[in-house]
Amino acid sequence: MAERLLKCPVCEQYGKKEDMIREEDKRYYHKEYCHDRWLKDREATRIENEQWDALYQYIIKLHDIIVLPKGNITRLKDLRAGYLMKNGQKVRQWRTGPDYGLMLEAYLLADDSIKWCIVNKLDGSKDTKAINYGISIMIDKLNEAFARRKRKKEHEKQIRKTTTQDKTIKQELKSKNTYINNDDMDISSFL
Ligand SMILES: [Zn+2]
């Protein structure tokens, strides 16, 4: 009887059960490449959802509302997908847009000016238009947020490098000490 082959959802090719891993979604993924790919995608989705949630919570607090209007959600999701609105038209701006984490970072940079605008320009209104106004201010801060993120990453890389160097030196000292200790023991064993 022919062995039943299983279809891998990642590459859509069929494979033998022994070459595959069963996941919690009850589907089988190729042990090589596809399963790793699936794990990475799942992690990326988890981060994406988490960042969206944080951004959402921030905006409703900023505008003192309970739910974000659909029009604003669409605009943010379009931005994430790489589209900007220009003269009422959706225009592709990037292959993929800034992530929700970066939008939140930009919002935080624009926090004061948006709060000022809410009081002085928007007369405290909380409708889609008012929130869109805030989104536009946030978009203007995206480049600055991006530059800051890059600087921060560079700084963290530098710290990691220094820590690794420190560790290597410590390890070298340690192995040297072990060597000396062994030497001592050797001497005492002669006495
Ligand atoms: Zn596969």
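The model is predicted. Helix H3 (residues 100-120) crosses helix H4 (residues 128-140) at roughly 125°. Helix H1 (residues 34-62) crosses H3 at roughly 15°. Ala130 is buried, whereas Glu12 is exposed and Tyr33 is exposed.

Two packed helices are described by the angle between their axes and the distance between the axes.

- The axes of H3 and H4 come within 8 Å.
- Their angle is roughly 125°, so the two helices are oblique to each other.
- The H3 and H4 crossing is right-handed.
- On the H3 side, the contact uses Met103, Ala106, Tyr107, Ala110, Ser113, Ile114 and Cys117.
- On the H4 side, it uses Tyr133, Gly134, Ile137 and Met138.
- By class, the contact of H3 with H4 has 9 nonpolar, 2 polar and no charged residues.

**Helix packing: H1 and H3**

- The axes of H1 and H3 come within 9 Å and cross at roughly 15°.
- An angle under 35 degrees counts as roughly parallel, so H1 is roughly parallel to H3.
- H1 passes H3 in a left-handed crossing.
- H1 contributes Glu48, Gln51, Trp52, Ala54, Leu55, Tyr58 and Leu62 to the contact.
- H3 contributes Tyr100, Gly101, Met103, Leu104, Tyr107 and Ile114.
- By class, the contact of H1 with H3 has 10 nonpolar, 2 polar and 1 charged residues.
- Met103, Tyr107 and Ile114 of H3 take part in the contact with H4 and in the contact with H1.

**A buried position: Ala130**

- Ala130 sits in helix H4.
- Ala130 has 20 other C-beta atoms within 10 Å, so it is buried.
- Leaving out residues up to four places away in sequence, Ala130 touches His63, Leu122 and Ser125.

**Positive phi in loops**

Most residues other than glycine have a negative phi.

- Glu12 has a positive phi, near 60°, and is not a glycine.
- Glu12 lies in the loop between strand E1 (6-7) and strand E2 (14-15).
- With 8 other C-beta atoms within 10 Å, Glu12 is exposed.
- Tyr33 also has a positive phi, about 65°, without being a glycine.
- Tyr33 belongs to the loop between strand E4 (28-30) and H1.
- Tyr33 has 12 other C-beta atoms within 10 Å and is exposed.

Methods:
Residues numbered from 1 in each chain as written. Predicted model: local features only at pLDDT ≥ 70, side-chain atom pairs only at ≥ 80, totals over all residues. Axes fitted to C-alpha atoms, helices over the stretch in contact; angles between N-to-C directions. Helix = DSSP H or I, 4+ residues; strand = E, 2+ residues; numbered from the N terminus. Parallel < 35°, antiparallel > 145°, perpendicular 65-115°, else oblique. Left-handed = near helix turned anticlockwise from the far one by under 90°. Contact = placed C-beta atoms within 7 Å. Nonpolar A, V, L, I, M, F, W, Y, C, P; charged D, E, K, R; others polar.
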